[in-house]
Structure formats: C-alpha cells, structure tokens
Amino acid sequence: MPAANRSALLREVLRAMARDDRVLDELVLAARSHSPEVARLPEAENRRHVQVLLATGLACLARPEHPDDQDFATAEALGADRAAQGVPITGLLRGVQAGRTRAVRIAIDRSRAAGVPDDVILEAVLDLDRYTGALERHVVNGYHTAELQLSRTTRDVRTRLLRGLLLPGDPDPPPADDLHQAGLRPDGRYHCVVSDVTDPSRARALEQRLLGLGGVYGLVEGRLTGLAGRLPSADDLAPDVLLIAAPSATLAGLRDLHALCAAALPLAAGQGLRGVHHLTELAGETALAAQPLLADLLVDSALGRLDPADDFHRELACTALAYLDHGRRLGHTAAALHLHPNTVRYRLDRLAEITALPLDDLAADARSTVLDTLRSWWALHTWLDRGAVGRDAGTAGEPADRG
C-alpha cells in the first residue's frame with residue numbers, strides 16, 4: 001500500500017474516533033475511574049471537556065503539520081475550570097492521563113483492524129505522545145494561572161468557606177469572623193441549594209441572580225451551590241437551570257443536607273425536571289437510590305424470570321410501571337399509554353403469571369398495601385433502568401464499521 005494511502009487510512013480511523021460517542025464514553029469512564037476528584041464532578045462536565053480535547057487531539061494527528069499553540073486553548077480552559085471547581089491538580093492529571101492511555105489503546109486497536117501497518121501506527125503514537133505531553137503542560141499552566149487569580153478574590157475566600165461547611169472534613173465550625181466576612185450568621189438558618197450549572201461563566205451569572213436572596217454561593221464539587229437566606233423561585237433562574245433546595249437548617253446541619261441535595265439532583269435531571277424543586281419532593285426517589293444492592297436483590301427475587309432482551313417482557317414491565325404511576329387505575333393507565341383497558345389488563349395478568357409481583361389486585365377480594373406498591377414500583381423501575389443501560393452499552397474499542 002502506498003505511503004499516502006496508509007496515512008489517509010489512518011486519518012480516517014482517527015476522524016471516526018472523534019465522531020464516535022462510544023469512544024467518548026470510554027474516555028470519560030477511564031478519567032472518572034482513575035481520579036475520585038474528577039468523578040465527584042457531574043459526568044456531563046467531564047464529557048464537555050473530554051469531547052473537545054479528543055476532537056482537538058485526533059484532528060492534530062490527522063494533519064501532517066505539527067500542532068501549534070492554538071490547539072491548546074481548550075487545555076488551558078480545562079485547567080482553569082478545574083481550579084475554579086476545586087479539583088486538586090494531582091487528581092486532574094490522573095484523569096487526563098487515564099483518558100490519554102485509553103485513547104491510545106483504542107486508536108491502536110482500530111487502526112490495526114482497519115489494516116493500517118504497524119510502522120504507521122507507531123509513528124502516530126509517537127506524535128500523540130508529543131501532543132499529550134504539550135497538552136498536559138497547558139492544562140497545568142491554565143490551572144495555576146486561574147489558581148493565582150482566584151486566590152486574590154473575595155469569591156475564593158467565600159467558596160472555600162462554603163466547601164468547608166458542606167463537604168466532609170473538619171467537624172469544627174468556622175470562626176465567627178470568617179462567617180461574618182462571608183455574610184453568614186453563626187446562629188442563622190439557611191437553605192442549601194444545589195444546581196446543575198457546572199460551567200464557571202454560567203455559574204457566575206447564576207450566582208449574581210441568587211445573591212439577592214442573601215447567603216453565599218460558589219462551585220462545590222463542580223456545581224454552583226449555595227446557602228440561601230430564603231428559598232429561590234423559578235424567576236431567580238434561567239429557564240434551563242435545575243436547582244434542588246433543602247429546608248432551612250442551622251450551619252451544623254447543612255453538610256448532611258448538601259449530600260442529600262447532591263444525590264437528588266441527578267434523579268431530578270433524569271426525569272427532565274427544570275426550575276426549583278424541593279428536596280422533600282424527591283425524598284422517595286433519593287432514599288431508594290441510596291440502596292442499590294437492596295434494589296438488585298429485590299429485582300432478582302421478584303423479576304428474575306424476566307428477560308431484559310425480550311421486548312415483550314419490557315413491554316409488560318413498562319405497562320405495569322405506568323399502572324403503578326397512575327395509582328393502580330386501569331382507565332388512567334390505558335389513556336396514558338394510548339391502549340384499550342383490556343390490553344392493559346391482559347399485560348398485567350401476563351406479568352403476574354411470570355413474576356412474583358402482587359399485581360393481581362384487580363380481583364375484588366385482593367388487598368394491596370402501600371409497601372407492596374413500593375416494592376413493585378422499585379423492582380420494575382430498577383429492572384427497566386438496568387436493561388436500558390445494558391442495551392446502550394457500546395463496545396468503543398471495536399472498529400467503527402462494526403456498528
């Protein structure tokens with residue numbers, strides 16, 4: 001194969017990698033698995049930067065010329081954002097290096113599968129190593145530059161105080177002078193609020209809107225978080241922002257409430273919610289999500305005979321979940337699913353025949369307790385989510401043309 005054709009083939013492999021969401025998933029997983037500090041950030045924030053870095057890096061390799069300084073603007077921004085979010089530089093670099101290693105492995109596997117000779121692959125890997133070394137230097141430079149700027153601002157002082165109040169660590173309360181400087185009262189009560197805003201520039205804009213409520217705000221674990229003097233309303237947010245608000249509490253009780261708000265946020269986001277939502281509204285989902293092992297045991301005992309690969313079984317489970325979501329009312333369920341009530345009844349009967357779920361309460365003498373409904377709903381919801389994850393899982397290391 002002529003050298004020009006071999007290089008063209010390699011460039012096509014790399015361009016396909018840059019477009020493949022499965023590769024992005026693999027790199028995000030690698031970064032989060034090897035760096036607990038990175039894993040504490042929202043996954044969407046990890047994906048945002050990995051996606052741009054991946055596209056930039058592979059585009060660099062796909063071109064014959066050496067990368068110039070313009071290629072590293074995103075690396076500088078990544079370092080600056082992680083500094084603003086409080087991620088230690090060591091944790092940041094562990095995540096970057098893990099993603100780099102996984103990207104090289106995928107590139108080698110795909111290039112070999114596409115028929116690219118080993119000498120061409122080796123040359124590309126050497127180029128990639130030079131590129132990633134420069135990338136890491138720019139990440140570190142962006143981090144330290146932002147760190148110096150942040151250390152000179154009042155915002156950084158307040159953010160560090162906020163993180164000290166909300167994150168696990170020193171159990172002793174902050175000095176009264178520090179609280180007063182941040183505008184907090186030692187005997188005050190505040191609402192812990194956690195938003196889904198992770199981009200530092202958007203976070204600053206939201207912070208300005210929330211300051212009118214009183215309190216202090218900053219990036220905690222990558223999200224715009226705060227202690228609000230009064231509850232925010234939808235008018236205080238942009239239309240696309242999601243914010244979880246806890247009941248007011250003393251400073252000593254805010255750490256536990258923050259952990260609950262952070263746990264509730266992805267559950268609310270998964271439901272497509274926007275605006276302000278009270279933590280108590282999501283109490284059930286948040287409590288159940290904290291017991292994944294118990295959920296798995298419940299699924300195995302109640303739904304073990306269902307096959308996640310069987311579309312009919314998934315249809316039965318979806319119908320039963322809708323039935324429970326609509327208060328076990330047959331007519332409401334049928335209307336919501338655009339089905340005849342007899343079809344809903346048939347599916348519930350079939351599911352009851354296959355599983356141990358107590359869905360036969362359509363009979364006049366049957367009795368169903370609230371806990372029966374809870375167990376059934378939890379088992380169905382977990383089973384369907386587990387099956388969806390299995391179906392969506394890609395094989396990012398395989399050649400792109402294998403689908």
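Trainee: Which element gives the largest share of the lining of the largest cavity?
Mentor: That's α4, with seven residues. Helices here are DSSP runs of H or I with at least four residues, strands are runs of E with at least two, and both are numbered from the N terminus. This is a predicted model, where local features need pLDDT of at least 70, side-chain atom pairs count only at pLDDT 80 or more, and totals for chains, interfaces and linings use all residues. Residues are numbered from 1 along each chain as its sequence is written, and side-chain values use heavy atoms, with hydrogens and water left out.

Trainee: What makes a space a cavity?
Mentor: On a 1 Å grid over the protein atoms alone, a cavity is a set of points where a 1.4 Å probe fits but cannot get out, and lining residues have an atom within 4 Å of a point. By this rule there are three cavities of 30 Å³ or more. The largest cavity holds about 400 Å³, a volume being the space filled by probe spheres set on the points, which are joined across faces, edges and corners. It is lined by 23 residues, and Val50, Leu53, Val96, Gly99 and Arg100 are the closest to its centre. Two or more lining residues come from each of α2 (21–34), α4, α5 (73–84), α6 (89–113) and α7 (118–151).

Trainee: How many residues of each class are in that lining of the largest cavity?
Mentor: There are 14 nonpolar, six polar and three charged ones. Ala, Val, Leu, Ile, Met, Phe, Trp, Tyr, Cys and Pro count as nonpolar, Asp, Glu, Lys and Arg as charged, and the others, Gly among them, as polar.

Trainee: How much space lies in the second largest cavity?
Mentor: About 80 Å³. Its lining has 10 residues, with Leu14, Ala107, Ile121, Ala124 and Val125 closest to the centre. By class, the lining of the second largest cavity splits into nine nonpolar, one polar and no charged residues. Helix α7 gives the largest share of this lining, four residues.

Trainee: Why do Arg82 and Glu45 count as a salt bridge?
Mentor: The rule asks for a side-chain nitrogen of Lys or Arg within 4 Å of a carboxyl oxygen of Asp or Glu. The closest N and O atoms of Arg82 and Glu45 are 3.1 Å apart, so the pair qualifies as a salt bridge. Arg82 sits in helix α5 and Glu45 in helix α4, 37 residues apart, so this pair links distant parts of the chain.

Trainee: Buried or exposed: what is Arg82?
Mentor: Buried means under 20% relative accessible area, exposed means over 50%, and partly exposed is in between (1.4 Å probe, protein chains only). Arg82 has 3%, so it counts as buried. Glu45, at 1%, also counts as buried.

Trainee: How do you know what to call Arg94 and Glu37?
Mentor: Their side chains meet in a salt bridge at 2.9 Å, N to O. Arg94 belongs to helix α6 and Glu37 to helix α3 (residues 36–39), 57 residues apart. Arg94 is at 34% relative accessibility, so it counts as partly exposed, whereas Glu37, at 17%, counts as buried.

Trainee: What about Asp296 and Arg386?
Mentor: Another salt bridge, with the closest N and O atoms 3.1 Å apart. The pair joins helix α13 to helix α17 (residues 370–392), 90 residues apart. Asp296 is partly exposed at 32%, and Arg386 counts as partly exposed at 34%.

Trainee: How many salt bridges does the structure hold?
Mentor: The count is 16. Asp20, Arg22 and Arg110 are linked in a network of salt bridges.

Key
1 Å grid on protein atoms, 1.4 Å probe; cavity = no way out; pocket = protein on both sides within 12 Å on 5 of 7 lines; lining within 4 Å.
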